[in-house]
Amino acid sequence: MTIRRTLIAANWKMNGDIALLDSMLSVIDSEGVISDTVEALICPSFTLLGAFDKQSNVCLGAQNVSQHDSGAYTGEISIEMLKQAACEYVIVGHSERREIYAETDQIVAEKFVQIARAGLKPVLCLGESLEQRESNFTEKVLAQQIAAVIDASDVNDWAHAVIAYEPIWAIGTGKTATPEMAQETHAFIRENLRSHSKTHDIAETMRILYGGSMKPDNAVDLLSQADIDGGLVGGASLDPNSFISILKAAS
Ligand code: PGA
(Lines give C-alpha, C1' and ligand atoms only; values in the text may rest on other atoms or scores of the structure.)
Protein backbone atom coordinates (compact mmCIF):
# COMPACT_ATOMS: atom_id res chain seq x y z
CA MET A 1 0.00 0.00 0.00
CA THR A 2 1.30 3.44 -0.90
CA ILE A 3 1.77 5.82 1.98
CA ARG A 4 0.98 9.39 1.01
CA ARG A 5 1.94 11.99 3.59
CA THR A 6 -1.23 13.85 4.54
CA LEU A 7 -1.10 17.55 3.68
CA ILE A 8 -3.33 20.00 5.52
CA ALA A 9 -3.12 23.33 3.70
CA ALA A 10 -4.53 26.67 4.76
CA ASN A 11 -5.77 28.97 2.02
CA TRP A 12 -6.23 32.32 3.75
CA LYS A 13 -7.52 34.07 0.62
CA MET A 14 -7.68 37.86 1.26
CA ASN A 15 -7.74 37.44 5.05
CA GLY A 16 -5.31 37.26 7.94
CA ASP A 17 -2.60 39.49 9.37
CA ILE A 18 0.78 39.25 11.08
CA ALA A 19 -0.78 38.53 14.47
CA LEU A 20 -2.75 35.59 13.08
CA LEU A 21 0.31 34.27 11.27
CA ASP A 22 2.40 34.41 14.44
CA SER A 23 -0.22 32.76 16.62
CA MET A 24 -0.97 30.09 14.02
CA LEU A 25 2.70 29.12 13.68
CA SER A 26 3.31 29.02 17.40
CA VAL A 27 0.18 26.92 18.06
CA ILE A 28 1.00 24.42 15.29
CA ASP A 29 4.66 24.11 16.27
CA SER A 30 3.90 23.73 19.98
CA GLU A 31 1.15 21.13 19.48
CA GLY A 32 3.58 18.80 17.73
CA VAL A 33 1.04 17.82 15.07
CA ILE A 34 3.57 17.76 12.23
CA SER A 35 5.14 14.35 11.70
CA ASP A 36 6.38 11.90 9.09
CA THR A 37 2.76 11.33 8.18
CA VAL A 38 1.32 14.85 8.48
CA GLU A 39 2.50 18.05 6.80
CA ALA A 40 1.08 21.54 7.38
CA LEU A 41 1.07 24.38 4.86
CA ILE A 42 -0.05 27.99 5.17
CA CYS A 43 -0.75 30.10 2.10
CA PRO A 44 -1.20 33.65 3.41
CA SER A 45 -1.38 36.89 1.42
CA PHE A 46 1.73 38.04 -0.45
CA THR A 47 2.47 40.75 2.12
CA LEU A 48 2.74 38.13 4.87
CA LEU A 49 5.26 35.91 3.09
CA GLY A 50 8.19 37.95 4.41
CA ALA A 51 6.82 37.81 7.97
CA PHE A 52 6.73 34.00 8.01
CA ASP A 53 9.09 32.53 10.61
CA LYS A 54 11.45 30.31 8.60
CA GLN A 55 12.31 28.30 11.75
CA SER A 56 8.77 26.93 11.82
CA ASN A 57 8.04 23.33 10.82
CA VAL A 58 5.07 24.61 8.84
CA CYS A 59 5.53 25.00 5.07
CA LEU A 60 4.94 28.28 3.30
CA GLY A 61 2.96 28.72 0.10
CA ALA A 62 1.50 31.44 -2.11
CA GLN A 63 -2.03 31.66 -3.48
CA ASN A 64 -1.18 32.71 -7.01
CA VAL A 65 1.67 33.52 -9.42
CA SER A 66 2.02 35.16 -12.81
CA GLN A 67 2.52 32.94 -15.85
CA HIS A 68 5.14 35.48 -17.03
CA ASP A 69 8.77 35.66 -15.89
CA SER A 70 9.02 39.44 -15.41
CA GLY A 71 8.09 42.69 -17.09
CA ALA A 72 5.28 45.21 -17.38
CA TYR A 73 2.56 43.32 -15.50
CA THR A 74 1.38 45.78 -12.87
CA GLY A 75 0.11 44.10 -9.73
CA GLU A 76 1.42 40.65 -10.59
CA ILE A 77 4.02 38.54 -8.76
CA SER A 78 6.62 36.31 -10.41
CA ILE A 79 7.74 32.83 -9.49
CA GLU A 80 11.28 34.11 -8.79
CA MET A 81 9.83 36.60 -6.27
CA LEU A 82 7.98 33.76 -4.55
CA LYS A 83 11.12 31.67 -4.54
CA GLN A 84 13.06 34.49 -2.91
CA ALA A 85 10.29 34.78 -0.31
CA ALA A 86 11.01 31.10 0.53
CA CYS A 87 7.73 29.73 -0.76
CA GLU A 88 7.68 25.99 -1.25
CA TYR A 89 4.16 25.60 -2.66
CA VAL A 90 1.93 27.71 -4.92
CA ILE A 91 -1.82 27.26 -5.34
CA VAL A 92 -2.86 27.37 -8.98
CA GLY A 93 -6.26 27.28 -10.66
CA HIS A 94 -8.36 28.01 -7.59
CA SER A 95 -11.98 28.38 -8.70
CA GLU A 96 -12.02 31.98 -7.44
CA ARG A 97 -9.14 32.75 -9.82
CA ARG A 98 -10.86 30.88 -12.62
CA GLU A 99 -14.24 32.54 -12.06
CA ILE A 100 -13.53 36.06 -10.77
CA TYR A 101 -10.29 36.67 -12.68
CA ALA A 102 -11.19 34.69 -15.80
CA GLU A 103 -8.24 32.31 -15.63
CA THR A 104 -8.71 29.79 -18.39
CA ASP A 105 -7.49 26.18 -18.39
CA GLN A 106 -4.68 27.41 -20.64
CA ILE A 107 -3.52 30.10 -18.19
CA VAL A 108 -3.75 27.63 -15.31
CA ALA A 109 -1.59 25.20 -17.30
CA GLU A 110 1.03 27.90 -18.01
CA LYS A 111 1.17 28.82 -14.34
CA PHE A 112 1.49 25.16 -13.31
CA VAL A 113 4.51 24.76 -15.59
CA GLN A 114 6.00 28.04 -14.36
CA ILE A 115 5.79 26.82 -10.74
CA ALA A 116 7.12 23.32 -11.42
CA ARG A 117 10.09 24.50 -13.51
CA ALA A 118 11.15 26.94 -10.81
CA GLY A 119 11.43 23.96 -8.47
CA LEU A 120 8.35 24.84 -6.41
CA LYS A 121 5.35 22.59 -5.81
CA PRO A 122 2.08 23.39 -7.59
CA VAL A 123 -1.19 22.79 -5.74
CA LEU A 124 -3.47 22.37 -8.75
CA CYS A 125 -7.13 23.04 -7.95
CA LEU A 126 -9.88 21.31 -9.89
CA GLY A 127 -13.62 21.41 -9.39
CA GLU A 128 -17.06 21.51 -10.92
CA SER A 129 -19.95 23.91 -10.43
CA LEU A 130 -23.29 22.82 -8.95
CA GLU A 131 -24.89 23.01 -12.37
CA GLN A 132 -22.18 20.79 -13.85
CA ARG A 133 -22.56 18.25 -11.04
CA GLU A 134 -26.33 18.17 -11.39
CA SER A 135 -26.02 17.65 -15.15
CA ASN A 136 -23.61 14.74 -14.57
CA PHE A 137 -20.69 16.61 -16.10
CA THR A 138 -18.37 16.38 -13.09
CA GLU A 139 -16.01 13.79 -14.56
CA LYS A 140 -15.95 15.48 -17.94
CA VAL A 141 -15.08 18.86 -16.40
CA LEU A 142 -12.34 17.42 -14.19
CA ALA A 143 -10.88 15.40 -17.06
CA GLN A 144 -10.73 18.58 -19.20
CA GLN A 145 -9.07 20.57 -16.43
CA ILE A 146 -6.45 17.84 -15.98
CA ALA A 147 -5.91 17.37 -19.74
CA ALA A 148 -5.16 21.07 -20.27
CA VAL A 149 -2.32 20.89 -17.75
CA ILE A 150 -1.04 17.56 -19.06
CA ASP A 151 -0.90 18.92 -22.62
CA ALA A 152 1.21 21.90 -21.56
CA SER A 153 3.57 20.04 -19.22
CA ASP A 154 6.33 17.45 -19.25
CA VAL A 155 6.48 14.31 -17.12
CA ASN A 156 8.98 15.97 -14.76
CA ASP A 157 6.66 18.91 -14.04
CA TRP A 158 4.40 16.52 -12.13
CA ALA A 159 7.05 15.18 -9.76
CA HIS A 160 6.17 17.42 -6.79
CA ALA A 161 2.64 18.45 -7.72
CA VAL A 162 -0.38 18.14 -5.45
CA ILE A 163 -4.00 18.19 -6.60
CA ALA A 164 -6.86 19.78 -4.67
CA TYR A 165 -10.37 18.71 -5.60
CA GLU A 166 -12.68 21.56 -4.66
CA PRO A 167 -16.32 21.27 -5.72
CA ILE A 168 -17.23 24.92 -6.29
CA TRP A 169 -20.64 24.46 -4.69
CA ALA A 170 -18.97 23.44 -1.42
CA ILE A 171 -16.50 26.33 -1.14
CA GLY A 172 -17.35 28.74 1.64
CA THR A 173 -20.97 27.57 1.60
CA GLY A 174 -20.94 25.22 4.58
CA LYS A 175 -22.07 22.48 2.17
CA THR A 176 -19.58 19.63 2.03
CA ALA A 177 -19.43 16.76 -0.37
CA THR A 178 -20.27 13.60 1.58
CA PRO A 179 -17.15 11.53 2.28
CA GLU A 180 -18.43 8.88 -0.17
CA MET A 181 -19.05 11.45 -2.90
CA ALA A 182 -15.63 13.01 -2.38
CA GLN A 183 -13.94 9.59 -2.33
CA GLU A 184 -15.61 8.60 -5.60
CA THR A 185 -14.41 11.78 -7.28
CA HIS A 186 -10.88 11.50 -5.86
CA ALA A 187 -10.68 7.92 -7.13
CA PHE A 188 -11.80 9.16 -10.54
CA ILE A 189 -9.05 11.82 -10.54
CA ARG A 190 -6.39 9.24 -9.63
CA GLU A 191 -7.65 6.87 -12.32
CA ASN A 192 -7.62 9.70 -14.84
CA LEU A 193 -3.99 10.52 -13.99
CA ARG A 194 -3.17 6.84 -14.43
CA SER A 195 -4.69 6.86 -17.91
CA HIS A 196 -2.31 9.54 -19.25
CA SER A 197 1.23 8.53 -20.12
CA LYS A 198 2.73 11.71 -18.58
CA THR A 199 1.09 11.14 -15.20
CA HIS A 200 0.73 7.36 -15.19
CA ASP A 201 3.73 6.78 -12.95
CA ILE A 202 2.88 9.42 -10.33
CA ALA A 203 -0.85 8.63 -10.05
CA GLU A 204 -0.41 6.35 -7.06
CA THR A 205 1.79 8.73 -5.07
CA MET A 206 -0.08 11.93 -6.02
CA ARG A 207 -1.64 13.61 -3.01
CA ILE A 208 -5.22 14.60 -3.74
CA LEU A 209 -6.58 17.06 -1.18
CA TYR A 210 -10.24 17.77 -0.59
CA GLY A 211 -11.37 21.40 -0.34
CA GLY A 212 -14.81 22.82 0.30
CA SER A 213 -15.97 23.57 3.83
CA MET A 214 -13.60 21.13 5.52
CA LYS A 215 -14.12 21.69 9.26
CA PRO A 216 -13.10 20.02 12.53
CA ASP A 217 -16.39 18.11 12.60
CA ASN A 218 -16.16 16.56 9.14
CA ALA A 219 -12.37 16.25 8.79
CA VAL A 220 -12.04 12.75 10.28
CA ASP A 221 -14.68 11.27 7.96
CA LEU A 222 -13.24 12.95 4.89
CA LEU A 223 -9.60 12.19 5.70
CA SER A 224 -10.31 8.53 6.43
CA GLN A 225 -11.29 7.92 2.79
CA ALA A 226 -8.74 5.91 0.81
CA ASP A 227 -8.04 8.55 -1.84
CA ILE A 228 -8.34 11.71 0.27
CA ASP A 229 -4.80 12.69 1.20
CA GLY A 230 -5.39 15.96 2.97
CA GLY A 231 -7.36 19.17 2.82
CA LEU A 232 -7.23 22.65 1.36
CA VAL A 233 -8.97 24.62 4.05
CA GLY A 234 -10.36 28.14 3.69
CA GLY A 235 -12.68 29.45 6.40
CA ALA A 236 -11.66 26.98 9.11
CA SER A 237 -7.98 27.81 8.59
CA LEU A 238 -8.45 31.35 9.91
CA ASP A 239 -8.97 30.14 13.46
CA PRO A 240 -5.96 28.44 15.11
CA ASN A 241 -8.19 26.12 17.18
CA SER A 242 -10.13 24.88 14.16
CA PHE A 243 -7.03 24.45 12.05
CA ILE A 244 -5.27 22.53 14.82
CA SER A 245 -8.31 20.28 15.19
CA ILE A 246 -8.16 19.44 11.49
CA LEU A 247 -4.42 18.75 11.78
CA LYS A 248 -5.14 16.46 14.72
CA ALA A 249 -7.85 14.70 12.73
CA ALA A 250 -5.18 13.96 10.15
CA SER A 251 -2.90 12.29 12.63
P1 PGA B 1 -13.59 26.81 2.44
O2 PGA B 1 -12.57 27.21 1.25
O3 PGA B 1 -12.88 25.84 3.30
O4 PGA B 1 -13.89 28.11 3.12
O5 PGA B 1 -14.79 26.21 1.77
C6 PGA B 1 -11.77 26.25 0.63
C7 PGA B 1 -10.99 26.86 -0.50
O8 PGA B 1 -11.55 27.67 -1.25
O9 PGA B 1 -9.80 26.56 -0.69
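The model is predicted, so to speak of local features a pLDDT of at least 70 is needed, side-chain atom pairs count only at pLDDT 80 or more, and totals for chains, interfaces and linings use all residues. Residues are numbered from 1 along each chain as its sequence is written, and side-chain values use heavy atoms, with hydrogens and water left out.

We can start with the ligand. Around the ligand are 13 residues, where being near means having a heavy atom within 4 Å. Lys13, His94, Glu166, Gly172 and Ser213 come nearest. By class, this shell has four nonpolar, seven polar (Gly is counted here) and two charged residues. Polar contacts, pairs of N or O atoms within 3.5 Å, include one of 2.7 Å between a ligand oxygen and the side chain of Glu166. A ligand oxygen also lies 2.7 Å from a polar backbone atom of Gly172, and one is 3.3 Å from an N or O atom in the Asn11 side chain. The protein covers 97% of the 280 Å² of accessible area that the ligand has on its own (Shrake-Rupley method, 1.4 Å probe).

Next comes strand E6, residues 162–165, a DSSP run of at least two residues. Val162 and Ala164 point one way, Ile163 and Tyr165 the other, and all are buried, that is, under 20% relative accessible area. Strands pair if DSSP finds at least two bridges between them. E6 pairs in the parallel sense with E5 (residues 121–126) over four bridges, and Ala164 is the bridge partner of Cys125. Four bridges also join E6 to the parallel strand E7 (residues 207–211), with Ile163 opposite Ile208.

Conventions: A polar contact is a pair of N or O atoms within 3.5 Å; within protein, one must be able to donate a hydrogen and the other to accept it, and residues adjacent in sequence count only if both atoms are side-chain atoms. Buried means under 20% relative accessible area, exposed over 50%, partly exposed in between (1.4 Å probe, protein chains only).
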